[in-house]
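Have the viewer open and follow along.

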Amino acid sequence: MENNKFVIAVYVENKAGVLTRVTGMFTRRGFNIDALTVGETERPEYSRITICMSGDDYAKAQMINQLKKLLVVKKVEVLDDEPIKRELMLIKVKNESENRSEIMTAVDVFRASVIDYSTEGMCIEVTGNPSKIDAFVKLMQPFGILEMCRTGIVALDRGTSTLFSK
Amino acid sequence: MKLTGAQILIKTLIEQGVTDVFGYPGGQVINIYDALYQYKDEINHVLTAHEQGAAHAADGYSRATGKVGVCIATSGPGATNLVTGIATAMLDSIPMVAITGNVPCSLIGKDSFQEIDITGITLPITKHNFFVNKIEDLADTIREAFSIAKSGRPGPVLVDIPKDVQVGSFEYEPQPIAEKLPLPKVGESLIEQAAKLVNEAERPYIYIGGGAAGLGMGNDVVALAEKIDAVIGCSFMGLSAVPQESERFLGMQGMHGHYASSVAQDEADLILAVGVRFSDRATGNVAKFAKRSKIVQLDPDCAEINKNVRVDLGLVGDVYDSFTRIAAKCKKKSSPEWISRVRQLKADELAFEEEIAQADKSPLTPKQVFEIINAEKPAGTIITTDVGQHQMWTAQYVTFDRPRRFVSSGGLGTMGFGLGAAMGAYVATKDPTILITGDGSFGMNLNELATAVTYKIPVVIVLMNNGVLGMVRQWQTLFFGKRYSNTVLERKTDFVALAKAFGADAYLAETPVDFRKAFKAAMGAGKPVVIDVRIDKDEMVLPMLPPGGAISDIITKV
């Protein structure tokens with residue numbers, strides 16, 4: 001069975017301890033996840049967890065069924081093949097004069113922005129799908145990455161369909 | 001009516017139909033115990049010797065009746081002592097509500113005296129748990145706990161109540177008993193597909209598990225087996241779900257299952273699996289499990305489909321409803337070749353057993369013990385066990401005459417489960433109750449003899465005493481070159497004197513004559529009785545499918 005990457009969106013009760021219940025289940029059942037984000041939604045009583053993982057169809061089905069069993073989980077869906085995926089990264093790079101113009105060109109091309117600047121270093125904010133972020137990191141490597149931090153992805157299906165309308 | 005939190009708790013338990021609870025008092029549940037004192041005419045509390053015994057008693061209470069068992073413990077060590085009992089209930093899907101006290105909210109997180117994060121600890125071993133930090137949520141949380149425990153695939157629920165919530169006061173309005181939520185009915189097309197697979201089968205095997213145990217479907221299973229010329233096997237947890245006198249019943253399959261049952265399952269071309277979860281002890285090597293068979297699985301839990309064994313069709317929902325609808329669509333059929341093959345397997349099985357019995361020159365063999373129990377036990381007797389060889393012999397030899405008569409820790413395999421569970425089963429039913437145990441298991445929680453004596457619980461304890469940890473020893477004999485690391489007990493315990501010290505009766509049995517005499521006396525004693533039954537340390541549980549093995553690896557003699 002082929003291993004595919006997929007994205008699962010989960011609506012959970014917006015209460016203390018809910019994330020522990022979800023992540024604890026992953027550990028207990030031996031699911032490996034690539035990334036996980038949590039945040040508020042259009043409904044204040046729910047939070048939305050976005051999970052990226054890879055696995056075959058059985059792993060995917062088992063993951064979804066185990067999620068459905070948790071009493072704090074209200075809705076689970078695997079997003080369509082190509083959902084809208086976004087991730088945000090803050091990256092701090094060395095600001096050496098011989099590299100400055102190349103860095104600024106990259107910032108421009110990637111539609112990133114410089115949010116902190118000094119003669120020693122700068123902090124850049126980049127948003128996009130994960131492969132774009134990966135590409136930006138690769139580009140910055142020769143200039144000296146001091147520190148970086150990625151949010152993990154958030155994702156929505158295209159079109160007007162929503163998790164609750166599915 | 002305005003009540004304290006502790007009163008609200010007890011009133012809500014009474015409202016939910018609870019008549020008996022098992023527990024142990026302590027600093028953070030004094031208020032709850034005060035309310036128990038106040039309402040003692042409406043609710044009976046059994047004080048155990050240890051919180052673990054209370055948890056197992058609540059579990060046994062539930063297994064014997066289907067009602068939600070309830071146990072109560074204080075914070076800290078009281079709560080952690082429940083853990084093994086809760087996990088035991090979780091692995092066998094037993095509905096239970098565990099109530100724990102905790103330090104007041106103002107002391108939570110300060111490592112206060114006897115403070116422990118019991119909701120954190122029990123997260124993986126409960127179906128759900130609650131920390132009640134507001135008195136206004138208390139009654140509804142208890143109601144929800146009962147609903148969750150008994151609905152869908154049942155399981156244990158823990159409710160942790162800090163002291164300030166017990167002490168506070170709030171309005172209480174009685175509510176009706178929380179109903180078991182109805183399970184979804186499976187769609188017609190799946191039922192038709194299932195019936196089609198059954199109708200196409202030449203060698204059908206109906207495989208019954210713990211999920212069918214409380215559904216009262218034994219006669220339906222036998223009727224379908226007769227209609228389609230199927231045989232019936234069961235998992236360990238399904239043992240008392242089907243009437244065993246049916247000649248189609250082959251008994252338990254799996255690691256220590258009946259030879260005919262395991263081999264027939266391997267040779268079947270269709271397995272209709274009802275409330276089973278294909279545990280590793282039941283399947284052996286899953287890659288080699290029932291390779292010639294299509295599998296149709298009926299279960300209330302969607303995550304059980306394709307979890308351990310990949311099935312051809314999974315029907316998630318009301319198991320009894322699905323089963324009867326499939327049965328109605330099945331055509332009458334006869335498969336003489338299949339039935340004669342199964343007869344042959346049963347004959348082979350008898351021959352193996354005979355050979356083992358002939359070779360055994362011990363003065364008292366396990367098989368003799370169980371033959372006497374079967375002959376002498378009254379109708380409706382509940383058999384509880386601990387874990388080990390005695391448990392597997394019980395599963396192989398004891399006949400159960402109705403559902404919910406076999407109370408044993410299957411999934412977790414908890415040594416020390418049996419005595420607490422026997423007390424719970426007896427308190428719930430007042431039916432004759434026997435504990436079959438070993439000297440290893442009994443040593444774990446024999447303190448509950450004190451409870452059984454105090455509450456006049458007439459459990460008959462058949463202690464199969466071989467002086468060793470027999471099941472591990474058996475593995476050491478077969479797979480570890482007879483290196484008996486830490487399985488020879490060499491203890492000087494005099495179980496007859498020990499039982500008498502607790503106030504129970506006791507007998508020593510070294511021969512079949514001794515045992516029959518002692519057992520008959522014990523069943524009529526009206527008080528707890530221990531029978532110290534001496535068996536040989538090298539008795540084995542056979543057949544044995546080695547762990548991770550296939551049917552071809554089955555060991556039938558040593």
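Where is B:Lys482 found in chain B? Look in the loop between helix H19 (470-479) and helix H20 (495-502); helices here are DSSP runs of H or I with at least four residues, strands are runs of E with at least two, and both are numbered from the N terminus.

## Ground rules

This is a predicted model, so local features need pLDDT of at least 70 and side-chain atom pairs count only at pLDDT 80 or more, while totals for chains, interfaces and linings use all residues. Residues are numbered from 1 along each chain as its sequence is written, and chains are lettered from A and ligands numbered from 1 in the order in which they are written.

## Positive phi in chain B

Back to B:Lys482: phi there is positive, about 55 degrees, although the residue is not a glycine.

You'll find B:Ser93 in the loop between helix H4 (77-91) and strand S5 (96-102). Buried or exposed, then, for B:Ser93? Buried, because 24 other C-beta atoms sit within 10 Å.

## A cis proline

Next, check omega between B:Leu542 and B:Pro543: that peptide bond is cis, with omega near 0 degrees. B:Pro543 belongs to the segment after strand S20 (529-534) of chain B.

## Around B:Ala282

B:Ala282 is part of helix H11 (residues 280-283) in chain B, and its 29 C-beta neighbours inside 10 Å are why it counts as buried. Which residues does B:Ala282 contact, leaving aside neighbours within four places in sequence? They are B:Ser235, B:Gln253 and B:Gly254, where contact means C-beta atoms, placed from the backbone, within 7 Å. The C-alpha atoms of B:Ala282 and B:Gly254 are 4.0 Å apart, though 28 residues separate the pair along the chain.

## Over to chain A

A:Thr162 is in the segment after strand S9 (154-156) of chain A. With 13 other C-beta atoms within 10 Å, A:Thr162 is partly exposed. Its C-alpha atom is 17 Å from that of A:Arg86, 76 residues away along the chain.

## Where the chains meet

Chain A puts twelve residues into the contact and chain B puts in eight. On the chain B side that touches chain A, the classes are five nonpolar, two polar and one charged. Nonpolar covers Ala, Val, Leu, Ile, Met, Phe, Trp, Tyr, Cys and Pro; charged covers Asp, Glu, Lys and Arg; the others, Gly among them, are polar.

Technical notes: A residue is buried if 20 or more other C-beta atoms lie within 10 Å of its own, exposed if 12 or fewer, and partly exposed in between; C-beta atoms are placed from the backbone. Two residues are in contact if their C-beta atoms, placed from the backbone, lie within 7 Å.
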